[in-house]
Amino acid sequence: MSDHHAHDAHDFQHHVRRYLFVFWALIVGTIITVGAWYVKLDSMALTVAIALLIASVKAFLVAGYFMHLISEKKMIYGILAATAFFFAGMMYLIVWGRDQVPQGTIHLGSRDTFQTPGSPSKAAH
Amino acid sequence: MEIPYVVQPRQDTGLYNAKVGIWLFLASEVMLFGALFSSYIILRIGAAPGEWPVGLLNVWIGMGNTLVLITSSITVVLAWASLKMNNFAKFKVYQGFTILLAMTFVVIKSFEYTDKFTHYEVVLQDNTIYDGHLKERTPTHVVIHGHKVEHGRHAEGEAHGSKTPHTDIRIERAQIKKMENYGPWHNTYLAIYFTLTALHALHVIGGAVVIGYLWGPGSKLWKTDPERFTNRIEISGLFWHFVDLVWIFLFPVLYLL
C-alpha cells in the first residue's frame with residue numbers, strides 16, 4: 001500500500017509540474033491578448049483573430065490538462081462529440097438566419113444615434 | 001441495495017457514475033452558454049459599423065478577474081493532486097485559496113456592476129447629452145461627474161479615463177428629457193453583457209458553495225472513504241474549470257472586441 005502511494009506521489013509530482021506550466025502559459029496568453037488590444041492594431045479583423053485564437057489555445061490547455069481531456073475515456077469523447085455536433089448546428093442555424101432578425105431588435109444607446117431606415121445594417125431587413 | 005460504480009469505475013467505460021454525470025451536465029451547460037454566445041454574435045454582427053459600444057468596460061479590471069480565475073483553476077487542480085498524493089493538509093490550503101479567489105472574483109464583479117448602475121446618460125430637452133457618474137440627486141437637480149457627449153458618440157474610451165476630462169455637472173430636473181443608467185436596459189450590448197456575466201457569476205457562486213462545502217463539513221468523508229472524497233473533489237474541479245473556460249471566451253468578447 002505504501003509503495004503504491006509512493007508511486008502515485010511520484011507520478012503526480014510530474015503532473016504538478018505540467019499543471020504549473022499550463023498555469024504560466026494561461027497567464028502569458030492573457031497578457032498577450034490584452035497587449036494586442038492595447039497596441040491598437042490597424043486591422044479589427046486581426047485583433048479579433050488574435051483574441052479568439054489565444055482564447056482557443058487557452059481553452060485547449062484548460063480542457064486538455066486541467067480537465068484531463070487529453071487522456072480521457074472514450075465515453076467522455078463521445079459525449080463531447082455529440083455536444084460539439086449540436087453546438088455547431090445551433091451556431092450554424094443562428095448565423096444562417098441572421099438576415100431574418102425582426103426590425104427594431106438592435107437598439108444601441110440613445111435615440112439620437114439610432115439607425116436610420118435604409119442604412120446598411122443587415123438587422124434592419 | 002448498494003449503488004454500483006460510486007467509487008470504482010465500470011469495466012467497460014472505465015468511468016465512475018459521477019464522472020459521466022458531470023460531463024453530461026457540462027454538455028448541457030455548453031448548450032446554455034452556446035445559445036447566449038450565438039445571441040451575442042447575431043447582435044454584434046447585426047450592429048452597423050461603428051455603432052457597437054466600445055470601451056464601456058474597464059479592461060484592466062476584466063484582466064484582473066481573468067487572472068483571479070486562472071489562479072483559482074490551478075489551486076483546484078493542485079488540491080485534487082494533493083489528495084492523490086495523500087496530503088490532506090495541502091488540499092485544505094489549496095482549496096482554501098480557491099474559495100478566497102472565488103470570493104475575490106465576485107467582489108470585483110460587484111464593483112463593476114455598481115459602477116454601471118451609478119453611471120448615467122442624461123439627455124436634455126435640447127438633445128444635449130451628458131454622461132457620467134451620479135453624485136447627487138435631489139427633487140430639483142442632479143449632479144453628475146462626467147462630460148458632455150459629442151453628437152453620435154457614446155462613452156467610448158471612458159474606461160481609459162484620460163480621453164475626456166470629467167467635471168461635476170449640475171443639471172436642473174426641468175431640463176432633463178431622459179435619464180437612464182447603464183443597466184441592462186440601456187442598450188443591446190449591456191443587455192447581453194449583464195445576461196452573460198450574471199449567469200457566469202451565478203456559476204462562480206454555485207461552484208464556490210460546493211467547493212466550500214467539500215472544504216468544510218464535507219471533508220469528513222476523507223477519513224472514512226478517501227477515494228470517494230477525492231472523486232468528489234475531481235468532479236467539483238471539473239465544474240470549476242468549465243466556469244474558467246467560459247470566462248476565457250467572455251473576457252475578450254465583452255471587454256476587448
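Figure 1. Among contacts in chain A with a separation of 6 or more, 42% join residues 24 or more positions apart. Two residues are in contact if their C-beta atoms, placed from the backbone, lie within 7 Å. Chain A holds three helices and zero strands. From the N terminus on, its elements run α-α-α. Helices (H or I, at least four residues) and strands (E, at least two) are DSSP runs, numbered from the N terminus. Of the 125 residues of chain A, 20% count as buried. A buried residue has 20 or more other C-beta atoms within 10 Å of its own, with C-beta atoms placed from the backbone.

Residues are numbered from 1 along each chain as its sequence is written, while chains are lettered from A and ligands numbered from 1 in the order in which they are written. Because the model is predicted, local features need pLDDT of at least 70, side-chain atom pairs count only at pLDDT 80 or more, and totals for chains, interfaces and linings use all residues.

**Figure 2. Helix 2 of chain A.** This helix has 23 residues and reaches 32 Å from first C-alpha to last. That is close to the 33 Å expected at 1.5 Å a residue, where the expected span is 1.5 Å times one less than the number of residues. Its buried residues include A:Ile54, A:Lys58, A:Leu61 and A:Phe66. A:His68 follows helix 2, with a positive phi near 60 degrees.

**Figure 3. The side of chain A that touches chain B.** Here 50 residues of chain A are in contact with 52 residues of chain B. Helix 1, helix 2 and helix 3 (74-96) of chain A each supply at least two residues of this side. Helix 1 gives the largest share, 14 residues. By class, the side has 32 nonpolar, twelve polar and six charged residues. Ala, Val, Leu, Ile, Met, Phe, Trp, Tyr, Cys and Pro count as nonpolar, Asp, Glu, Lys and Arg as charged, and the others, Gly among them, as polar.

**Figure 4. The largest nonpolar core.** A nonpolar core is a set of buried Ala, Val, Leu, Ile, Met, Phe, Trp, Tyr and Cys residues joined through C-beta atoms within 7 Å. This one has 68 residues. A:Val62, B:Val77 and B:Trp247 are among the members that touch the most others. Helix 6 of chain B contributes the largest share, 17 residues. Leaving aside neighbours within four places in sequence, B:Val77 is in contact with A:Tyr19, A:Phe66 and B:Gly237.

Terms used
A residue is buried if 20 or more other C-beta atoms lie within 10 Å of its own, exposed if 12 or fewer, and partly exposed in between; C-beta atoms are placed from the backbone.
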